[in-house]
Amino acid sequence: MTDATTIQKIEKGFAKLQASPECHSLLKKYLTKEVVEELKTKKTALGATLLDVIQSGVENLDSGVGVYAPDAEAYTLFKRLFDPLIEDYHNGFDAEQKQPATDLGEGKTAELEDLDPEGKYINSTRIRCGRSLEGYPFNPCLSEENYLEMEAKVQKVFNEIEDAELQGTYYPLDGMTKEVQSQLIEDHFLFKEGDRFLQAANACRFWPKGRGIFHNKDKTFLVWVNEEDHLRIISMQKGGNVGAVLERLIKGVKNIEAQVPFSRHERLGWLTFCPTNLGTTVRASVHIRLPKVSARPDFKKICDELGLQIRGIHGEHSESAGGVYDISNKARLGLTEFEAVKQLHSGVKKLIELEESA
């Protein structure tokens, strides 16, 4: 049973959302008075409450979504809030639907031809997926001991990688030298404490304990440890060869999950801290120059219809720099991993065709 002080904070947060004309988050849309009354007294086995779910969106009224899952059980216990929100964000994925079986695209990467062989439009291609280690909660419910245990487990995996392309070095944030820090910042690899959305969700406790970054020698395979999710597994390279990037990601995921089991939900797929990253958890993206198409007033509408999301090149909540946009697949749930990458591939191919014919 949730204590009276927490219930008061939940009710105060609800009132703040409803009173804010500038707030247009999915949290505000689906956190009705009825939902508050039904969920405000509930608590997961690990002690997470509705306040843990909504506190980031209440503090940051400019959030697009505004909720996080403090542990895996939250998706079930607070389903009255999560289910309609997930359906809205993930293209109608309703409470009766199930995430399809995993299909990373093994044996199919040749179908994804280089989108920009002449290098006229695409600066780089990146595909990432999130994974949670089985048996551990998400950030707000993790202890310092949990963080250190998980870090030790994945560091052992990194040390034992046999594939020459994937072999590299793990850099723990705790005790990181200025030289290493400067290099990782220069490479655009370093994640930093201070994201206000994560801070408000209570996701940065015990920083920098148990956090770190692994990358291979060529700096084309990267793993973030205990930033937003337990693991962010990333493959990237210059240019538009989506197939090659996916091939490397598949190898990396297989190497890690052979030794460390991941947490998967029958209906929601791979479980992650943020509900926007459920299902495949795959975000395939390109940094692309589209001076003509991006100048069109219907640029966002075109991307929406292609199932694509536009961001600035410095990630979510950032602006475009020098006319370069970060374009990615939007859907994560209700399709396979390979279909998510194909969605990005076919959508970007269409955008380049529009740019060339403009």
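Helices (H or I, at least four residues) and strands (E, at least two) are DSSP runs, numbered from the N terminus. The model you are looking at is predicted, so local features need pLDDT of at least 70 and side-chain atom pairs count only at pLDDT 80 or more, while totals for chains, interfaces and linings use all residues. Residues are numbered from 1 along each chain as its sequence is written, and side-chain values use heavy atoms, leaving out hydrogens and water.

Let us start with the loop between α9 and β3, where phenylalanine 206 lies. Phenylalanine 206 is not a glycine, yet has a positive phi of about 60 degrees. With a relative accessible area of 32%, this residue is partly exposed; buried means under 20%, exposed over 50%, and partly exposed in between (1.4 Å probe, protein chains only). The loop also holds proline 208, which a cis peptide bond joins to tryptophan 207, with omega about 5 degrees. Most peptide bonds are trans, and most residues other than glycine have a negative phi.

Now turn to strand β5 (residues 231–238): six of its eight residues are buried, so the strand is largely enclosed by the rest of the structure. Two strands pair if DSSP finds at least two bridges between them. Strand β1 (residues 122–131) pairs with β5 in the antiparallel sense over eight bridges, and cysteine 129 has isoleucine 233 in β5 as its bridge partner. Strand β4 (residues 221–225) is also antiparallel to β5, over five bridges. Between β4 and β5 sits asparagine 226, which counts as buried at 1% relative accessibility.
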